[in-house]
Every structure is written in structure tokens, then in C-alpha cells.
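Below is a short briefing on one structure.

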Amino acid sequence: MLTVCPYFHVHQPHRVKRFRVFDIGNDSQYFNDESETDLNNRRVLEKVARKSYLPTNAILKELLAKHPEFRFALSFSGTVLDQFEAYAPEVLVSFQELVKTGRVEILADTYYHSLAFFYSLPEFERQVTEHKKRIQSLFGVTPKVFRNTELSYTNSLAQWCEKNGYTGIMAEGWEPVLGWRSPNYLYTPTGCSKIKVLLKNYKLSDDIAFRFSQQSWKSWPLNADTYAEWVHAHHGNGQTINLFMDYETFGEHQWEETGIFDFLRHLPTALLRHPDTTFRLPSETVAAYDSVGVFDVPHVLTWADTDRDLTAWVGNDIQKGAIAATYALENDVLQTKDTALISAWRKLQTSDHFYYMCTKWFSDGDVHAYFSPYESPYDAYIAFMNALSDLQLRVQHALSAQLVEKGIRDKKFARPKQLKQRMRKKAGVA
Amino acid sequence: MALKILTFGWDYPPIKNGGLGVACYGLTTELVKRGVEVIFVLPRTQDVDGDARFIFANKKNGIKARVVDSPLVPYLSSNSPLYIFDGDGSRRIYARNLIEEVHHYAAKAGVIAREEDFDIIHAHDWTSYLAGLSAKEASGKPLIIHVHATSFDQAGSKNVDPEVYKIEKRAFEEADCIVTVSNLTKDIIVREHGADPAKIVVVHNGCTELAPVELTPVLSELKAQGKKIVLFHGRITIQKGPDYFVRAARRVVDVAPNTVFVISGWGDMEHQVMHLVGALGLSANFVFAGALWDEERDRMYQSADLLVMPSVSEPFGLVVLEAIQRGTPALISKQSGVSEVLTNVLKADFWDVEEMANKIVALLRYAPLDRQLTEYGKSEANRHSWGKAAHTIQELYEHISTWFPTPKNNQ
């Protein structure tokens with residue numbers, strides 16, 4: 001038996017508009033670009049809905065109806081769910097319909113697609129809880145398997161997940177960590193006993209996500225039958241093939257003209273042609289197989305670039321400076337208890353903002369350039385820092401307003417007492 | 001067999017007159033190092049730095065008479081007085097005189113081309129184009145025209161000097177190959193002069209790799225007061241956008257009053273710019289430093305927090321490479337050739353004064369930005385050396401020499 005476990009990651013950030021230094025103190029809207037560029041969040045969402053979410057969901061719905069064995073997982077950031085609600089509610093409905101079949105699992109995540117786990121555990125926990133509530137209210141399900149932003153993973157995160165009742169966690173099946181071992185089995189994270197880690201088969205995943213339309217690739221053009229053969233070749237030396245990729249692979253990263261939709265439409269048929277192959281959800285996969293060993297990641301592992309670490313987000317000085325300044329605001333911003341300020345602060349934690357500041361032009365640069373709506377990493381940094389400076393200012397105003405209010409309140413109660421004391425003194429009473 | 005190149009230029013270090021001489025020096029030095037034999041022709045006797053063999057056209061005797069007969073002098077009637085200049089190299093204002101000098105230079109170039117033995121002609125900037133054409137006519141050797149600027153850049157508009165335009169157009173038509181210092185310049189000559197894009201090669205300028213020298217800073221008193229220094233270094237003329245610099249400064253001072261703007265350079269708009277500074281109430285924030293060269297210039301680079309090059313049309317922009325190589329971050333206009341090769345600089349449209357001001361303030365406010373642009377900029381500048389440019393030019397020479405396999409001698 002060989003099972004295939006696909007999971008598609010659905011996410012859009014709230015991109016920061018070209019917020020100029022002159023806007024600090026004058027404009028409290030950071031995410032409302034209305035230009036004809038990719039900084040306009042509504043415009044991007046509507047475009048991706050048209051090119052990817054709606055046509056892909058239609059195909060996935062067909063496939064679920066046609067193949068009772070077909071199943072897959074989705075992970076949503078809260079930021080994309082908010083934007084579906086605001087700009088394209090029909091997309092949200094189409095996702096709800098898929099989940100209703102009971103054969104689409106939703107994964108746990110941080111609400112703001114943040115790297116909070118590495119900067120503030122309490123903030124990370126608040127975001128996971130907020131995400132869980134949102135998923136429950138929109139889809140009526142509770143996630144059991146965890147996936148962290150950019151598939152970032154470390155031993156202590158797995159330990160946290162186990163402690164908090166998750167049965168599985170996703171990670172990159174990266175050779176330097178695995179050694180001779182295969183990503184097509186389940187492993188136990190270091191320091192854990194119950195939770196199992198599901199490893200991405202990055203070769204087979206990236207064949208679809210990155211290489212599908214590359215004409216220089218020796219396997220181009222790829223069809224579903226050939227791809228199914230590659231998967232079937234793992235019979236006898238693997239239990240689960242975990243195909244993790246961005247949902248937007250279908251129709252956005254790989255355009256319709258590349259044939260990606262036809263590929264998707266035919267893939268289940270091709271995979272199921274082998275009698276001993278079927279699909280499993282992540283929670284079913286962790287229940288079905290035993291762990292074959294320990295997966296030990298003392299550092300941070302992600303799914304990005306050739307480095308598979310966090311350097312795409314916090315590799316250079318401007319990225320480190322920006323993320324440090326963001327989390328430095330935590331205590332103050334929470335103390336304001338102002339939901340608008342706290343929400344803006346959390347939206348600024350989304351990892352994409354830091355990704356846009358990446359300057360690894362020469363090795364991985366093309367990928368970053370493609371995904372950035374800014375003309376340069378420095379433009380991204382300046383817009384972000386100006387917005388964050390405005391937020392700092394608003395937080396300071398809110399806190400001083402609190403102090404003034406508190407002062408007035410204290411005075412109200414204090415004054416009669418002081419007056420009494422003064423009168424006593426005057427009267428010569430000790 | 002070393003290739004011999006007959007090169008025509010207009011000025012050359014140590015004479016200080018802007019980017020052209022610096023570029024010719026950088027390129028020639030590297031070509032000579034790579035075994036190319038360069039015969040460098042200059043119109044006037046002057047001191048020269050470096051290793052090439054130099055010929056000064058004004059030292060050539062007995063050529064005056066030929067000028068009048070020469071078909072290369074279409075604008076001079078037979079009774080026009082020939083302008084003969086002495087050898088002190090004194091700079092003349094860009095005017096009718098210059099056109100005459102250019103024609104005179106061309107006439108001498110023909111004579112030199114008949115006397116010298118070489119494989120290829122290479123003519124730098126419009127003042128040498130006619131010399132190159134004349135040498136080509138005299139020798140039959142292939143001609144490379146090297147475009148460092150066009151009349152459209154100088155004018156900052158379409159209102160170009162018609163005489164210069166005529167020379168450019170003819171040179172681009174008759175040259176065997178055209179080198180431009182950027183895609184921006186290539187696009188201009190294709191669009192405005194109808195140059196054939198098939199014979200244009202883009203070779204970006206470079207900079208001389210140098211070991212950093214720590215100099216005593218200038219303006220230390222201002223810096224001690226915690227003031228930030230923003231530098232404009234270049235000719236004060238319409239092409240370089242000094243007025244946009246002043247207007248951006250106004251916006252910067254609105255939010256960062258502790259900023260001092262230094263203008264280093266000279267030019268025809270100097271008074272106009274000073275008036276603008278006064279009119280915008282910026283007199284206390286501006287320093288006019290005059291033209292600075294060599295060590296004085298480097299001292300200024302090292303003292304400045306940011307160099308701004310707001311050029312309206314900049315074929316390349318060597319000053320940016322020089323500055324970032326010396327550890328000064330730069331904000332440059334997108335309308336510049338250097339912006340095609342640099343990523344670790346800030347960029348804005350020259351007309352977008354708000355955005356320029358936004359970026360100036362950001363650099364002064366956010367220390368990590370300053371740090372990273374300084375560090376990455378330095379190593380990026382060093383990747384764009386004259387050696388790299390000379391390598392491309394040398395390949396071009398070798399390629400062109402195969403078009404004319406048998407050496408022709410015009411006896």
C-alpha cells in the first residue's frame with residue numbers, strides 16, 4: 001500500500017502600500033493601496049480568485065465527486081480568509097463546499113502567517129488560538145495537524161504541538177536532516193512520543209510547483225501518467241508520498257496555458273490506476289503508520305530556497321532590523337487594548353513583508369523578485385518601516401491618553417482625601 | 001598578434017573635466033594591461049596619466065590647408081577664419097567655437113590615420129566622432145563609435161543642438177559598430193537618431209578597484225552638531241537635475257530640519273539654483289562647495305551620509321560608482337544608465353520629488369538601511385570594474401578584426 005497525501009497552502013498577505021515618511025502621523029491606513037499595481041490587495045485577490053481559486057476549486061469539486069478515494073488537505077492563513085470575506089465571498093463559499101464533503105482536512109496555522117514562534121511564544125499561541133476559532137466558525141472543523149509559516153520547523157515547535165494535542169506536524173523532507181533515510185515514512189520529532197512528523201517529498205512536489213512549465217527541464221512537458229509512474233515507483237520503499245505546495249500553483253504560479261489544470265484533472269485517475277495506491281488525509285496518515293525513527297532539527301528548517309532556513313525572511317540587516325522593531329512593539333501595543341492597533345500590528349507580522357526585503361539576488365533571487373510587488377527590497381523596507389513608525393506613534397498616543405485618563409480617575413478619588421488632610425493641617429490637627 | 005587601436009578622445013586625466021576623461025582613462029589603462037596596443041589621440045597637448053602612446057593633434061604640422069578642402073568640413077565656408085588654438089588646453093564654453101574645433105580635429109585625424117599603422121578606430125564621445133569618420137575614410141579601417149552621452153541628455157529635453165545632432169546622426173550611420181554606456185543611451189539613439197540596433201553593443205562603465213583610504217573628514221563641525229549631510233556632486237546644469245534636488249530638500253527639511261545639503265560642482269544653472277534655495281527658505285540648510293576633485297572629492301564622499309544623483313537623463317553616472325565604492329550610499333534617478341547595473345542603491349524618478357524626499361529621510365532615519373546599502377554597495381561597485389568593461393571591448397575588437405581579415409594600406 002502506498003498513499004498520497006496532498007496539501008495545498010492558501011495565503012495572501014495584506015501588502016503595505018507605498019507609505020511615505022510624510023504619511024507618518026497623517027494616515028493610519030497601511031494596506032489600502034488602490035493603484036493598478038500588485039500592492040492593491042483587492043486587485044490581487046480578485047485576480048488570483050479568477051485565475052486560480054475559482055477554477056481550481058471547480059476541478060477539485062469534480063474530482064471529489066468522481067473519485068470516492070480522492071482527498072487532500074488545505075491550510076489557510078487568517079489573512080487570506082479575511083480578504084476572501086471582504087473581496088470575494090464566493091471563493092470562501094466554494095472552499096466551504098469542498099470541506100463539507102468530509103474528505104478535505106484543514107491544518108492548524110498561525111492566523112497572521114507569521115514567524116511569531118521564533119520571536120514571541122505568547123504571541124504565537126494567541127495567533128494559533130485565533131486561527132483555530134476562525135476555522136471552527138467558518139468550516140465547523142477543528143484542525144489536528146499543525147503546519148507552521150513557510151513550513152518552518154524546529155524540535156521545540158514539534159514539542160509545543162505535542163503538548164497542545166496535535167497528532168501531526170508538517171516539515172520539509174530535507175536530506176541534510178534525513179541523511180540516507182526516506183521522506184516517504186513517518187518520524188517522531190526529538191523529545192516527543194506521540195506526535196509524528198509528515199515530511200514533504202520536495203522532489204515530487206517541486207516537479208509540479210516549480211518545474212512544471214520550465215521548458216528547459218528534461219521532463220517538460222509533464223503529463224499526469226508520467227508523474228503517476230514516478231509516484232508508483234515508490235511502491236515497496238515508502239508508505240506516504242506527501243505533496244505539499246502553494247495552492248496558487250494551480251493557475252497563478254503555473255498559468256492555465258501551461259496545461260496545469262488538465263494535469264490536475266487527470267492526476268487522481270492516473271494515480272489510482274495502480275491498484276495498491278490511494279489517498280489519505282494528514283490525520284489519517286499519522287493514524288495509519290508507525291514512526292520509523294527520530295527526526296532531529298535543533299536549528300530552523302523551512303521549505304524555501306536552497307538554504308532551507310529563515311535567511312529568505314531574516315537574512316540581511318534590513319530584514320533583521322524590521323522584524324526586531326515589529327516584535328519590540330509587542331508589550332506596548334497589547335497594553336493599548338485597541339483592536340485596530342493590535343490588528344494592524346499583527347498584519348505587519350506576516351512573513352511576506354520580510355520576504356520582500358530579501359536581497360539574495362544572485363542565487364535564489366529570481367524567485368523572490370517574482371513574488372515581490374515592490375520595485376526593490378529597499379522600497380519594501382522603507383514602506384514597511386514608515387508604516388511601523390506610524391503605528392509606534394499611534395501606540396504612544398494611545399498609551400499617553402491612557403495615562404492621562406488614569407490620572408484624572410486617580411485625582412477624582414484622591415482629591416477629597418488631600419483636601420481633608422490640608423484642612424486638618426490648617427486646623428492644626430496632627 | 002596584438003591588436004592596434006587608433007583611439008580618439010577629447011580630454012584625459014589629469015585634466016579634470018567630468019566623466020569622459022575618467023572613462024577613457026579607466027578603459028584604456030585596462031586595455032593596455034590586457035595587451036591591446038592603444039594609440040590615443042587628443043586634440044591638444046596636455047599632461048597625461050597612464051601607459052598608452054599619445055599623439056596630440058595640434059602638434060601635426062602642415063595640415064591647415066587641407067582643412068579647407070576637406071569634405072569633412074561642411075559647415076565652414078572657404079572664407080571662414082580657421083580657429084587655431086594654442087596648447088594650454090584651456091576649456092572653452094560649449095558653442096560655435098567647439099564645433100569648429102571638432103572639425104579641425106577631424107581634419108588632423110585624417111592625416112594621423114594615414115601615417116599610423118593600426119587595425120581598428122575607436123572614437124569616444126561626439127567631439128571625436130568626426131575625427132573617427134575622417135580616419136575611417138583615410139584608412140578604410142573599421143570604426144567604433146563610443147557613445148558616452150547624446151545631445152538629448154545634455155539638453156535635458158528634445159530641444160537639442162542641431163549641429164551636434166547632425167554629427168551624431170552621421171556618425172551612427174557610418175560607424176561599423178556603436179558602443180553605448182547603457183541601454184538607456186542605446187534606446188535614445190535608436191529612437192531619436194534612427195541608429196541601427198543591430199550594430200549597437202552596450203558596455204557599462206566601471207570603476208577603478210581601489211583600496212579604501214581613510215581621509216580626514218570635512219564638515220566635521222556640522223557632523224559634530226549631529227547634522228546629516230546629503231550630497232549632490234556634478235555639474236549644475238539642467239541635465240543633472242539640481243533643481244529637483246533643491247525641491248526634494250525642501251520636503252526633507254519639513255520633517256528632518258537637521259539635514260545639510262551640499263552641492264559640489266559648477267555649471268550654468270548655479271545662480272538659478274542659489275535663487276531657488278533662497279526662495280524656498282533653505283539658505284541655512286545649503287552649502288555650495290564648488291567643484292571638488294580627487295582627494296577633496298573623496299573627503300566629501302566619506303563625510304556625506306548620502307549621495308543623490310537626480311539626473312533628468314544620465315547616460316551612465318560614474319559618480320555613483322565612485323561614491324558607493326567609497327562607502328557612501330546613493331539615491332539615483334531611474335533615468336540613469338548606472339541604475340541598470342546596481343541593485344543596492346535607492347532609486348526614484350527624477351521628477352518624483354516626494355519619493356526622493358521620502359527615500360532621503362528613510363536613509364537618515366533607519367540605521368539598518370544605511371548600514372546595508374553601505375556594505376552591499378561597496379562590494380557591488382567593485383564587481384563593476386573597468387577590467388570587466390575592457391574585457392568586453394577587447395572581445396569586440398577581436399570580433400571586428402575578423403571582418404577585415406587582410407590589412408589594408410592606403411598608399
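**One residue and its surroundings**

B:Tyr301 lies in helix α11 of chain B, which covers residues 294–303. The model is predicted, and the points below are grouped by topic.

- B:Tyr301 is buried, because 23 other C-beta atoms lie within 10 Å, and the cut-off for a buried residue is 20 or more.
- With its neighbours within four places in sequence left aside, B:Tyr301 is in contact with B:Leu307, B:Ala323, B:Arg326 and B:Thr328.
- B:Pro217 is 84 residues from B:Tyr301 in sequence, yet their C-alpha atoms are 9.0 Å apart in space.

**Chain B as a whole**

- Chain B contains 15 helices and 13 strands.
- Chain B has 411 residues, and 48% of them count as buried.
- Among contacts in chain B with a separation of 6 or more, 70% are between residues 24 or more positions apart.

**The nonpolar core**

- The largest nonpolar core has 235 residues, and B:Val320 and B:Ile360 have the most contacts inside it.
- The element that gives the most to this core is α17(A), with 11 residues.
- What does B:Ile360 touch, leaving aside its neighbours within four places in sequence? B:Ile360 is in contact with B:Val230, B:Ala248, B:Val252, B:Leu306, B:Val308 and B:Leu331.

**Two domains in chain B**

- The domain assignment divides chain B into domain 1 (4–206 + 386–401) and domain 2 (220–383).
- Taken over C-alpha atoms, the centres of domain 1 and domain 2 of chain B are 31 Å apart.
- Where these domains touch, domain 1 of chain B gives 18 residues and domain 2 of chain B gives 13 residues.
- On the domain 1 side of this contact, the elements that give two or more residues are α1 (19–33), α5 (151–155) and α7 (183–193) of chain B.
- By class, the domain 1 side has 6 nonpolar, 10 polar and 2 charged residues.

**Where chain A meets chain B**

- How many residues does each chain give to the contact? Chain A gives 15 residues and chain B gives 15 residues.
- On the side of chain A that touches chain B, α12 (317–328) and α17 (377–426) of chain A are the elements that give two or more residues.
- The largest share of that side comes from α17(A), which supplies 5 residues.
- The side of chain A that touches chain B divides into 8 nonpolar, 5 polar and 2 charged residues.

Definitions and conventions: Residues are numbered from 1 along each chain as its sequence is written. Chains are lettered from A and ligands numbered from 1 in the order in which they are written. This is a predicted model: local features need pLDDT of at least 70, side-chain atom pairs count only at pLDDT 80 or more; totals for chains, interfaces and linings use all residues. Two residues are in contact if their C-beta atoms, placed from the backbone, lie within 7 Å. Helices (H or I, at least four residues) and strands (E, at least two) are DSSP runs, numbered from the N terminus. Ala, Val, Leu, Ile, Met, Phe, Trp, Tyr, Cys and Pro count as nonpolar, Asp, Glu, Lys and Arg as charged, and the others, Gly among them, as polar. A residue is buried if 20 or more other C-beta atoms lie within 10 Å of its own, exposed if 12 or fewer, and partly exposed in between; C-beta atoms are placed from the backbone. Domain bounds come from an automatic or database domain assignment. A nonpolar core is a set of buried Ala, Val, Leu, Ile, Met, Phe, Trp, Tyr and Cys residues joined through C-beta atoms within 7 Å.
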